[in-house]
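Colleague: Please take a close look at one part of this model for me. I would like to follow the place where the two chains meet.

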Amino acid sequence: MSKRIKVLKTYKIFIDGKFPRTESGRYYQLKKDKAPIANVCLSSRKDIRNAVLSARNAFESWSNKSAYNRSQILYRIAEMMEGNKNQFIEELVHQGEDSKKAILEIDHSIDRIIYFAGWPDKINSIFGSVNPVASSHFNFTILEPMGVVGIVAPEENSLLGLISSIIPVILSGNTCVAIASETQPLCAISLAEIISNSDVPNGVVNIVTGRKDELSPHLAQHMDVNALGIHIGKKELKNQMFFQASNNLKRVVDVSKYKIEDSSFESPYIVKKFMEAKTTWHPIEKDFSSTNNY
Amino acid sequence: MSSKIKALKYNGKWDFSPSIESLENISIQKEYQLFINGKFQKPLAKKYFLSINPTNEQQLSRIAKADSKDVDLAVNSARAAFNGQWSKISAKERAKYIYRIARIIQEKSKELAIVETLDGGKPIRESRDIDIPLAAAHFFYYAGWADKLNYAFPNRNPKPLGVVGQIIPWNFPLMMAAWKIAPALATGNTVVLKPAESTSITALLLAEIIKEAELPPGVVNIITGDGSTGNLIVNHPDVNKIAFTGSTDVGKSIMKSISGTNKRSTMELGGKAANIIFQDAPLDQAVEGIINGIYFNQGHVCCAGSRLFIQESVYDVVLRKLKDRMQSLVIGNPLDKNTDIGAVNSKQQLATIHKYIDIGLKEGADIYQLNCELPTSGYWCPPTLFTNVSQSHSIAKEEIFGPVLAIQTFRTTQEVINKANNTPYGLSAGVWTDKGSKAFNLAAKLKAGVIWANTYNKFDPTSPFGGYKESGHGREGGVHGLSPYLNLE
Amino acid sequence: MILDLKTKVDKLGIEDRVSRITKRSLKSEAKLQGLKMILSMIDLTTLEGMDTNKRVEQLCYKATHLHHEFPDLPNVAAVCVYPNMVKTASNFLKGSEVKVASVATAFPSGNSSLEVKVQETKEAVFNGAEEIDMVISRGKFHSGEYNYVFDEIATIKENCGDKVRLKVILETGELGDYDHIRLASEIAIKAGADFIKTSTGKIKPAATLPITLVMLEAIKDHYYNTGKMVGMKPAGGISNSKLALQYLIMVKETLGNLWLDKHWFRFGASSLANDVLMQILKQKTGLYQSNNYFSKD
């Protein structure tokens, strides 16, 4: 009997819940010990454009879901990943990681998703408030998602880094477009497969692969992106993004300030960074027995 | 409205055919044991009591009765688990156990709903759509808090209390178990829980789920029994906190029992909520709110809107709409998917309801009851309302815990605020008005722990629930539901 | 007459009530009875720019011959066409119980002068229409000219004469809040509508359960205030039996027995009839049906 030939995987990008190839048709090759291991899409600005469109379309219904619903969907991502652990471990090893470290990374990633899955219906209990204004008004502040967030994921810790960039952003109702690690992109696509299996609506998460310095300006300058969460080692590129983002006053979060490998990353404060505070006033009728002296 | 206009008829032309939920895959054991230290074990004194289906008075099962030795065993197991595994594993891992419970409840939701209906008499539609989903949601919500407690209490280092004793009622059996167990586990405590005597079975199915979720033995112990079992738990010296939901009278006696000890407590007791309809309210929706407030779950709801206050100018219209809406309520076999009002939970409770109906008549109020056919066996009470009720009538003061509504009128905001607050209870209240500022004024002035404005009987794991005054103390749900289970000093 | 937003409608409350209604479970006898009632209440409708005489005749045939295997099934209530097709329909349906209904008043937009609308109505009635489905002036409604809207309806009603019943289409998809729909319902009822109808079917959203409930409540209040009954017709978007049965349950629980009759309740639908027939057959045989066995007209 002849040896069974493996079916090789094609790595495409993830936009609007589907897996298209980059519209530019370009690719770059991932090598290990000089041997090719995968042909990865070299995405273009048009892919960014399409991804942002999809993220914008998905925003209204994703942010209108109940927090409980979003919690459950995030938990499901963790359930799906747990079931597919081996695929991730193989890929991480394929990309050059030590297998023991790979197992730790995937476990950490799953646990981190579960951690954040518990926040959607609690954020406003912590950071929202009822404000005791001096006039007879019911006055309350709630935090709301911002809209479309552009993400640049870290180069190392490709899986944990990508998850840590995406999950805190979408849990509050934002949608995102993420540029995956350039040197270790394989897990990004597997993650996309998990996400598309997990009841996450199309367009909430969009992932592209390619050259970071080619793609990031398109995100940073896009007028319909509301915020950026970036983890960039090269100071020049990072500063450039901050500069470009100011064209429509995007809120930019420098995620590299937070230690991704550390459990201190798990906190609601990073979630808060991608939310806006809205305060509402409504009169409270008072009987003539009370007074408000101005 | 002209009295010559005939009232609309709603029945007799096109009536529902039976649509009974199938019992095919459901099996209730002949006998249930106590769940202690991760195993089902027989009660040491080998005593059992019967579980009756209130729909047909047939026996469903025999349930173990825990006496003092069993209670000791349970508390000791809980203590050992607290000192051992439960405190040693990380909060993150604790969360995962609780998430498992939530997910398994969701997987088994149909079975749980059917058993809940068989055991307690509530309509299958209610158990299926409200009780079971909310139970799962509570576990899911609190699972998420386990590793986040530091954020809930600024400047504090929250620590669990130890072993908590929990006693729950028969009106929302599985849901009440979830309301108690979920926050207790999330905060790191271990549990000894006693379900109500007349509705033990879903708590025991929950015990099976807890076993399936592989919780370390002793973390949750479920011991069935009657009032004496409850007393044993309350008085046990190694229990750090008592959480009780039930009648105000029993609540008072528990507080007496634990006075002078270091035991913490939360009490969620009775109520006599005012449901207030202003003339500018959306009247048809308000009527739905009235119905929802007092007739669903057979009125066995502590926060039931049992005192209706209608602004006098719209009294006739509201009453007419209320009576019309009542005609579409279906009372009967709770396993029928169309049933709105099921069986009264027990013989005793039905006797109590009848007693109050008699008192109401004696006190001179006018009665209206839905004219419907009631099954010949089982415990049933049709939706009932009393008009011409005044503030001093017993039926306006005392909790009936049945589908009986006492209706009064009012003229001004100040008047109704006074009347609504004029009660030793303070669990909940309802306000119906189109004016936001009026709703907020009432919300500010009404002395109740839960105010529903333009809605009624809404529950959510994130929303704190609990009463003022003799309706109890402490809150369940939300961030507020965590502190009763923690040491924050 | 002072016409204004007086009655409040709470959107969430309406939707809560509807959700209870959609949980009702209809089985066996009750379901079969309901399905037959639905059939008898359908206004089989063709309102296409490309309608022809033959098309209308085919529809009329279907209206009187729903299914050859079950002669005990009721006929539909009416056939609804454009004014220029009324004569064709009327000739075909002479002697049958099935009524001829005509849209009029510059359907679907309503953006014409009152004179043109009156003329159109008179012609349709002259050619044999037994029911007129008119549209209200939504533009005037949104401008707050409620008296104009009222007067227009009253005028059309007048020109219908005694024997012809007037259905007033509110075009609820263009009206906005439930409060507005309630107000429009009250205006139409007070101006003399025999039926109030949700939609033209030309825009989305057409009929929905919550909107229908708002209108049924207006009808109920009117009944208790005056003793008079007004009919109701949801139209558009009701293409399957399950949904139609939910509408019927809503009628039953809101207005009761008197309205469970084609004289007071209609469905504006075209493909619904086939789905109902399939469900009836399924109830009788226990087998799920296929489209292929029912004529598509």
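Modeller: In this predicted model, 23 residues of chain B are in contact with 21 residues of chain A. Start with the chain B side. Three elements of chain B give two or more residues to it: helix H3 (91-107), helix H5 (124-143) and helix H16 (436-445). H16(B) gives the most, with 6 residues. Now sort the chain B residues that touch chain A by type. They divide into 11 nonpolar, 7 polar and 5 charged.

Next, cross over to chain A and pick one residue there. Ile126(A) sits in helix H5 of chain A, which covers residues 123-127. Leaving out residues up to four places away in sequence, Ile126(A) touches Pro268(A) and Tyr151(B). Pro268(A) lies 142 residues from Ile126(A) along the chain, yet their C-alpha atoms are separated by 8.9 Å.

Last, step back to chain B as a whole. Its secondary structure comes to 16 helices and 20 strands. The radius of gyration of chain B is 23 Å, close to the 23 Å that the globule rule gives for 489 residues, so chain B is as compact as a globular protein of that length. Its C-alpha trace spans about 75 × 55 × 35 Å along the principal axes. Of the 489 residues of chain B, 58% count as buried. Now take the contacts in chain B with a separation of 6 or more. Residues 24 or more positions apart account for 73% of them.

Definitions and conventions: Residues numbered from 1 in each chain as written. Chains lettered and ligands numbered in written order. Predicted model: local features only at pLDDT ≥ 70, side-chain atom pairs only at ≥ 80, totals over all residues. Helix = DSSP H or I, 4+ residues; strand = E, 2+ residues; numbered from the N terminus. Rg over C-alpha atoms; globule rule 2.2 N^0.38 Å. Buried ≥ 20, exposed ≤ 12 C-beta atoms within 10 Å, placed from the backbone. Contact = placed C-beta atoms within 7 Å. Nonpolar A, V, L, I, M, F, W, Y, C, P; charged D, E, K, R; others polar.
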